[in-house]
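Good morning, everyone, and thank you for making the time.

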Amino acid sequence: MVSAWDQPAPELNGDLGRSDLLSWSPEECVNWMRKLGQPDYRGDQLFRGIHQQRWSRWSQFSIFPEDLRTALAGQGNIDFPVITLNQSSQDGSTKHVFKLRDGLEVEGVFMPYPNRITLCLSSQVGCAMGCTFCATGDMGIKRNLTAGEMIGQVLGMLEHHRYKTTGRPTDTPLNIVFMGMGEPLHNLDHVMKSFHLLSHPKGLGISAKRITLSTSGLVPGIDRLGTYSPRPKLAVSLNGSQDDYRSKIMPVNRVWNLSALKESILRFPLGPREWITLEYVLLKNITDRPSDMQGLLRFAHDIPCKINLIPFNPHEGSGFETPSESRISQCCQILAQTGLIVSVRRSRGQDIAGACGQLVREED
Ligand code: SF4
């Protein structure tokens with residue numbers, strides 16, 4: 001069976017812009033400067049200027065001589081995606097809509113907490129996976145995002161919220177989650193490049209432990225992710241503990257069922273004190289029944305994991321409902337009494353359609 005996710009997702013048409021500097025590593029910046037006859041430290045300054053200072057215009061690079069700025073301006077762009085919409089939620093989170101070079105749009109969500117800031121990034125425009133409870137899945141896949149377009153979401157959100165990057169331990173820690181639009185394992189090359197850039201000490205220096213990638217269960221991608229070191233932490237969007245139901249709401253399960261998924265999780269190389277996050281969306285009368293929780297227990301009992309129960313975030317036309325509070329707490333109790341670490345994750349930004357499964361851009 002050939003599915004949309006068996007095929008590579010379309011890439012950005014390379015003719016749309018000049019050099020995509022946001023996608024470049026420090027080494028690539030140095031190479032560029034060498035070609036221009038500049039010393040290596042100019043490449044480091046370029047990378048730091050973009051990632052730490054968030055300079056997006058050549059005029060801001062006052063550390064460069066004017067003739068160099070003019071030469072650079074003729075050859076490359078620092079294209080931060082343009083923010084076209086900001087929607088603030090009552091819970092403090094903000095959904096941002098980013099317009100990309102080809103006019104397509106993706107969304108990112110800024111979520112402040114007392115002790116950290118979490119940024120939720122999109123990795124693709126649309127998604128090929130077709131999960132029936134997810135607004136993004138309805139869009140189909142348009143194309144992969146480049147690493148620079150993911151970095152642009154981060155820098156754009158930090159700039160919008162005036163987040164200070166001093167490099168000191170007292171800075172509010174940043175967490176990154178690849179849980180926005182798209183299946184990150186369907187775009188792993190660009191996602192890993194952005195991971196490398198986000199964690200680079202000459203850039204934001206975000207610890208690998210603070211970067212999480214969430215997959216719907218693309219087994220070959222999980223295996224491939226396990227070959228990288230360092231790599232993001234793995235979260236698996238499970239959402240069903242019985243094959244018949246999971247196949248109905250997550251078509252990926254028709255190719256890699258729960259047994260294949262579990263095998264891939266068990267062979268995933270975890271470090272000491274590392275666990276996998278199992279995310280489980282509670283859909284009223286579909287995935288929230290006691291029998292579903294028993295199935296979840298069977299799936300999770302021998303996996304080093306934490307379980308996040310996520311009450312469904314309603315969106316127009318989904319046809320699904322949110323379980324009652326008493327049902328949610330019953331699910332939690334069934335799991336917790338066996339010693340599993342379980343929490344109920346109240347998605348942030350529900351009133352602005354910025355919560356899990358609600359991110360979608362309509363075509364104009
Ligand atoms: S839940 Fe994730 S993998 Fe599934 S369709 Fe939505 S964005 Fe894609």
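Ala208 lies in the loop between helix 6 and strand 10, where helices (H or I, at least four residues) and strands (E, at least two) are DSSP runs, numbered from the N terminus. This is a predicted model, in which local features need pLDDT of at least 70 and side-chain atom pairs count only at pLDDT 80 or more, while totals for chains, interfaces and linings use all residues. Residues are numbered from 1 along each chain as its sequence is written.

Setting aside residues up to four places away in sequence, Ala208 touches Ser199, Pro230, Arg231 and Pro232, a contact being two C-beta atoms, placed from the backbone, within 7 Å. Ala208 and Pro232 are 24 residues apart along the chain, and their C-alpha atoms are separated by 5.6 Å. Pro230, one of the residues that Ala208 touches, sits in the loop between helix 7 (219-225) and strand 11 (233-237), and the peptide bond that joins Ser229 to Pro230 is cis, with omega about -5 degrees.

His200 is found in the loop between helix 6 (188-199) and strand 10 (211-215), and because it has 17 C-beta neighbours inside 10 Å, His200 counts as partly exposed. Leaving aside neighbours within four places in sequence, His200 is in contact with Pro26 and Gly205. From His200 to His51 the separation is 149 residues in sequence and 9.6 Å in space, C-alpha to C-alpha.

Two further loop residues deserve a look for their backbone. Arg162, in the loop between helix 5 and strand 9, has a phi near 55 degrees, a positive value in a residue other than glycine, and with 6 C-beta neighbours inside 10 Å Arg162 counts as exposed. Asn285, in the loop between strand 12 (276-282) and helix 10, has a phi near 60 degrees, again positive in a residue other than glycine, and Asn285 is exposed, with 11 other C-beta atoms within 10 Å.

Now to the sheet. In what order do the 10 strands of the open sheet stand? The order is 3-4-5-6-9-10-11-12-13-14, with mixed pairing, where two strands pair if DSSP finds at least two bridges between them. Strand 3 (82-88) and strand 14 (341-344) stand at the edges with a single partner strand each, so one side of each is left without a neighbour in the sheet. From one strand to the next the twist averages 20 degrees, angles running from 0 to 180 degrees between N-to-C directions of axes, which are lines fitted to C-alpha atoms, for helices over the stretch in contact.

Strand 4 (residues 94-99) pairs with strand 5 in the antiparallel sense over 6 bridges, and His96 stands opposite Gly108 in strand 5. The hairpin of these two strands has 5 residues between them, and there Gly103 takes a positive phi near 90 degrees. On to the next pair: strand 5 and strand 6 (residues 116-120) are antiparallel over 5 bridges, and their hairpin has 2 residues between the strands. Strand 5 (residues 105-113) is mostly covered, with 7 of its 9 residues buried. Strand 13 (residues 305-311) and strand 14, by contrast, pair in the parallel sense over 4 bridges, with Asn308 opposite Ser343 in strand 14.

Turning to the helices, helix 10 (residues 290-300) and helix 11 (residues 325-336) pack at about 30 degrees, with their axes 10 Å apart. Their contact is made by Pro290, Met293, Leu296 and Leu297 of helix 10 together with Cys331, Ile334 and Leu335 of helix 11.

Finally, the ligand: which residues come nearest, of the 13 around it? They are Cys127, Cys131, Cys134, Gly137 and Ser216, and a residue is near if its C-beta atom, placed from the backbone, lies within 6 Å of the molecule.

Notes: A residue is buried if 20 or more other C-beta atoms lie within 10 Å of its own, exposed if 12 or fewer, and partly exposed in between; C-beta atoms are placed from the backbone.
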